[in-house]
There are 2 protein chains.
Amino acid sequence: MVKQALEFPNISKKRLQDEVIPELLQWSLSNGLTMYPPTFKLEETMTVPMTLFPTYLPKDSFNEAIKVQKIYNEIYAKIAQNKDQWLSTQSDILAAHDPEFIGKLWKIYHDALNIGVSQKNSLGIFRSDYLIDRENDQIKQVEFNTISVSFGGLSTKVCELHRFLNDTGRYKPDLTSFYSQEIPISSSSELLAKALSRGVEKYGPTASPTIVAFIVQSGERNVFDQKILEYNLFKNYGIKSVRLTLHEIHEKTHMDPDSKRLYLASTQQEISLVYFRAGYSPNDFTTQQDWSNRLTLEVSYAIKAPNLLTQLSGTKKIQQLLTDPETLHKFIPDKSWMNTILSTFVKIYPLDDSPLGQYAKKLAMECPERYVLKPQREGGGNNIYKHDIPLFLQQLAQQEWGGYVLMELINPQPTTSNIVIHGDKQFKEPILSELGIFGYILFDNNEIFENEYAGWMLRSKFASSDEGGVAAGFGCMDSIVLY
Amino acid sequence: MVKQALEFPNISKKRLQDEVIPELLQWSLSNGLTMYPPTFKLEETMTVPMTLFPTYLPKDSFNEAIKVQKIYNEIYAKIAQNKDQWLSTQSDILAAHDPEFIGKLWKIYHDALNIGVSQKNSLGIFRSDYLIDRENDQIKQVEFNTISVSFGGLSTKVCELHRFLNDTGRYKPDLTSFYSQEIPISSSSELLAKALSRGVEKYGPTASPTIVAFIVQSGERNVFDQKILEYNLFKNYGIKSVRLTLHEIHEKTHMDPDSKRLYLASTQQEISLVYFRAGYSPNDFTTQQDWSNRLTLEVSYAIKAPNLLTQLSGTKKIQQLLTDPETLHKFIPDKSWMNTILSTFVKIYPLDDSPLGQYAKKLAMECPERYVLKPQREGGGNNIYKHDIPLFLQQLAQQEWGGYVLMELINPQPTTSNIVIHGDKQFKEPILSELGIFGYILFDNNEIFENEYAGWMLRSKFASSDEGGVAAGFGCMDSIVLY
């Protein structure tokens, strides 16, 4: 670590207010680094929360995270292939502990099996999230996301913004560049569009061009992150897309009862790929119809990104199980790679009746300050931290404890000299940064056809906050300078 | 005119609301086709008013407007060269009629002359605006703008939006393209940045790179139109820029008393080009200091886009004088070109004591419905239309009448099937479209160094409204399909 390299620009309050913040906000608004405000109006947008400067990241840690992405893609694809019914076995258990969500997804999967799953190919679009341990710069996995991974579009934009601010000299009073090294730009906005195009291609030849259905939440504020992928998918591959909510599937699509091919009802265009940017949370299913719609999509011949097995492979429970070397070995025969992956894990415990579970319950009660308790949920805002854990568990029926995992907290080095821009407010508080690596993998029950890295994102949150969801208001977009 | 070609997409109300309007608004917000809302907050923006579809324009009229742009550039550059003091003579007269604005600009020019004008080069960035006569498709010039021509940045964007909507099939229920011809994209956002770069280049070699000062209004809502040029100037030519208001020049810049070179005070960077996106309206000058700042800029060695003579050559009075063939001939020796330019004029009369002025006063009182009365002002909202003219003139001191010109109204064909999108509101009312052709010209007192066409814009307004300023709220951005 070259200490010199870790200096941050020193900008006077006046120049910040008069020049730098307006430049940053206007670049963001002019270039789509935006999200809808809580007071949702279709025709108005606002800047996303973001840092003023890129955050320093150790080059070796960054490269390590990229290096393991394809291995992780492969592990999760293999889990989703469900060989020896391993995922089924785990999902059976998890479904019992979490009947309201995992249980229902699992039931839908079985309903689909009964009807018959016509499409064998699956597209996994993943993001593996890491914090970097302050002791040894080791990347430590926070979670592995197998559905609705977000910020791949906006990540590229915030990199471009920081590079623009540096190159135009906004970080220095004399308008020269502050960072001598080039600020890297995540290729996620291009590569995730490429991932979608590969799914469409895999679908196979059709008489007329097929389209991609983006399954989105109604009232989604993070629309522009998704639109960037839609635009790149059309610009780079000529592939058109539609946006549908889970609530609309039965009205706006039509499935041929024989071929199970899925069509957009209004145009009779064939949907080759169903890309989920919703369906990861129980809140996305408001009626029985929504569940039924999810089932329709699952049994349709359209390729899903992801299908239910791929989605279910992304639970915290699976992550916990993978920290056991014997389990991990099932999915990575190579010992050296296995050890590399193991080094990215912190300890994660079940809260079940196994001996390890018993031990974990004791830890949760006796030294909760070292842990975070996580349910089988995506999207932020669901975790229980440190001293809140004992009371939370005590109020929970014992039957439900098994739906949670207890995870060792990671201790990253806070960044103290960056500034968080949230609309017209600036916060100079210590932040922690979470690195997300995107990847995609195209596979069927037996084979992996394509496995690629797909860019990265950096998301920072106040060190004083425990949650990091940008859309949920707890975190902000960031970019990187390597050292 | 192929009647078939003039059909507009027919979109059901439901599809418009559910699919097309959201796509249009989100593309705009994601791609910077925006302006600040009246409730100005630095971090929030809204879509500009725009049409849903491109508007049909006769190909010959469009090409004619482009063809004459370089001739117009040359005419106005020659006027600004002020040979035989022709512009001075006219400005003397005009200053007397309009002492509050033209008079003050003219005084500043003389003050500058007394101090000494060190920079002989001038950059003209122009826009010639036309309506197309419904009778014969002849382009008729509304006005010629020599300062602060706007919408060159956003014009490119609205073209891209309409092309995107067409190419992705949003205009047709079956998601195929509605327009078989490609929707043209104005190159104005690139070419106006090029114009600025040519000004910087003309400034000549310096020890370190120079910058461009954008002179802007405080509280400008149309910021993003300008930012697009800043971004392209940096991206394509590596030239940095700063934004300054007229009120800040004495604080934020410094002029070397000997060389008259202008510097940004905070960085000591040399300003090679002063690009005015303000200073065209008396409202831009709120104190004596502002006038003094304008003087500083004029005497500085920085190239002005435009200098005062170029700005003054753009008055309505000059346009009126050019409609006289003898006057026009001074600036275009070539008879054929002269006739072409004459064909773009409607009748414009002075309201002075000359015989023609006397005749015009009679017209204004007796058949005002055929005329618009225009003062020497830019920016929209200043004109008096039709039956409002007689009363307006009667209430005006006779001395001031000479500050106005009486212009024959042009009768364009309204477009009845387009839809104007204004935030969450849609208006299906007849619109009239004004074609603006951009150009730039680099010249000194004797010579023209470079003269180029620089893209176009289309601005539409309700046929029921008389004014067309987009920023002023009376008009909207549009694009073109040629037939």
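You're looking at a predicted model, where local features need pLDDT of at least 70, side-chain atom pairs count only at pLDDT 80 or more, and totals for chains, interfaces and linings use all residues. Residues are numbered from 1 along each chain as its sequence is written, chains are lettered from A and ligands numbered from 1 in the order in which they are written, and side-chain values use heavy atoms, with hydrogens and water left out.

**How the two chains are related**

- Two copies of a chain are related by a rotation about an axis and a shift along it.

**Where they touch**

- Chain B brings 44 residues to the contact and chain A brings 44 residues (contact means heavy atoms within 4.5 Å).
- About 3600 Å² is buried between chain B and chain A, with carbon and sulfur atoms giving 57% of it (buried area is the accessible area, with a 1.4 Å probe, that two parts lose on being put together, summed over both).
- On the chain B side, B:Gln26, B:Glu43 and B:Tyr231 lose the most area to chain A, together 19% of what that side buries.
- There are 17 residue pairs in polar contact across the interface of chain B and chain A, both residues at pLDDT 80 or more (a polar contact is a pair of N or O atoms within 3.5 Å; within protein, one must be able to donate a hydrogen and the other to accept it, and residues adjacent in sequence count only if both atoms are side-chain atoms).
- H1(B) gives the largest share of the side of chain B that touches chain A, 9 residues.

**Salt bridges**

- Side chains of opposite charge can pair when their charged atoms come close.
- The whole structure has 52 salt bridges over all chains (each is a side-chain nitrogen of Lys or Arg within 4 Å of a carboxyl oxygen of Asp or Glu).
- Between chain B and chain A the count is 2 salt bridges.
- B:Glu23 pairs with A:Lys227 in a salt bridge, their closest N and O atoms 2.8 Å apart.
- Within chain A, the side chains of A:Glu434 and A:Arg459 form a salt bridge (3.6 Å, N to O).
- That pair links distant parts of the chain, with A:Glu434 in strand S19 (residues 431-443) and A:Arg459 in strand S20 (residues 448-462), 25 residues apart (strands are DSSP runs of E, at least two residues, and helices runs of H or I, at least four, numbered from the N terminus).
- Both A:Glu434 and A:Arg459 are buried (buried means under 20% relative accessible area, exposed over 50%, partly exposed in between, with a 1.4 Å probe and protein chains only).
- In chain B, B:Glu100 forms a salt bridge with B:Lys104, at 3.6 Å between the closest N and O atoms.
- B:Glu100 is exposed at 52% relative accessible area, while B:Lys104 is partly exposed at 33%.

**A closer look at B:Gln376**

- B:Gln376 sits in the loop between strand S14 (371-374) and strand S15 (384-385) of chain B.
- With a relative accessible area of 5%, B:Gln376 is buried.
- Its side chain reaches the backbone nitrogen of B:Lys316 at 3.0 Å and the backbone oxygen of B:Gly403 at 2.9 Å.
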